[in-house]
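Thanks for taking a look at this one with me. Please have the sequence and the 3D view open side by side as you read.

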Amino acid sequence: MAVETRLTRIIISELTENQVIYLKEVNGDREFPILIGIFEATNIDRRVTEGFEAPRPLTHDLIVSVAESFEAKVDHILISNYENGTYFAKLILKRADGQVTEIDARPSDAIAVAVTFSPALPIFVEEDVLEASITN
């Protein structure tokens, strides 16, 4: 079963290669970090900062536009797996006819897509992934 989470913190440091984002469950206290690159962290941070508007569409805007051009909408994000210290995610797209499509994505890209929307799309994490991330 998947647990709904939300982005709670973004830690950007130019002194290290990896940046950190934290997801916290909506109806609980569990929180866990995901290491991402500086480019991805900066894009996510820009999206959650009030008033930011890119002069041209960013990659995450492009993903949303492509989905919409095929009469689908990004419904939610799912952090689906955790293997050898690496998280895996999926963009869940829904068409008007109810058809669901899952698109493989890096968690940082999926979260960047989620925060492209206002309000941000739901970010779900599989229970076993949440448990594994907390114990490691």
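The numbered points below walk through some features to find in the view.

1. A word on the ground rules. This is a predicted model, in which local features need pLDDT of at least 70 and side-chain atom pairs count only at pLDDT 80 or more, while totals for chains, interfaces and linings use all residues. Residues are numbered from 1 along each chain as its sequence is written, and side-chain values use heavy atoms, with hydrogens and water left out.

2. Start with the aromatic rings. The structure holds two aromatic pairs (rings of Phe, Tyr and Trp, the last by its six-membered ring, with centres within 6.5 Å; planes under 30 degrees apart count as stacked, over 60 as edge-to-face and the rest as tilted). Phe 32 and Tyr 87 make a tilted pair, with 5.6 Å centre to centre and 35° between the planes. Because Phe 32 sits in strand E3 (residues 31–36) and Tyr 87 in strand E5 (residues 86–95), this pair ties together parts that are 55 residues apart in sequence. Helices (H or I, at least four residues) and strands (E, at least two) are DSSP runs, numbered from the N terminus.

3. Next, please find helix H3 (residues 107–114). Seven of its eight residues are buried, so H3 is largely enclosed by the rest of the structure. Among the buried ones are Pro 107, Ser 108 and Ile 111.

4. Which residues touch the most other members of the largest nonpolar core? In this core of 30 residues, they are Leu 23, Val 74, Ile 79 and Leu 91, and H3 gives the most to the core, with five residues. A nonpolar core is a set of buried Ala, Val, Leu, Ile, Met, Phe, Trp, Tyr and Cys residues joined through side-chain atoms within 4.5 Å. Leaving aside residues up to four places away in sequence, Leu 91 touches residues including Ile 63, Val 74, Ala 110 and Val 113; contact means heavy atoms within 4.5 Å.

5. Helix H2 (residues 59–69) packs with H3 at an angle of about 70°, their axes 9 Å apart. Axes are lines fitted to C-alpha atoms, for helices over the stretch in contact, and angles run from 0 to 180 degrees between N-to-C directions. H2 and H3 are therefore roughly perpendicular to each other (65 to 115 degrees; under 35 is roughly parallel, over 145 roughly antiparallel and the rest oblique). His 60, Ile 63 and Val 64 of H2 meet Asp 109, Ala 112 and Val 113 of H3.

6. Finally, some backbone details. Ser 118 and Pro 119 are joined by a cis peptide bond, with omega about -5°; Pro 119 is in the loop between H3 and strand E7 (123–126). Glu 71, in the loop between H2 and E4, has a positive phi near 55° and is exposed at 60% relative accessibility. Asn 84, in the loop between E4 and E5, has a positive phi near 50° and is exposed at 80%.

Technical notes. Buried < 20%, exposed > 50% of the residue type's maximum accessible area, 1.4 Å probe, protein only.
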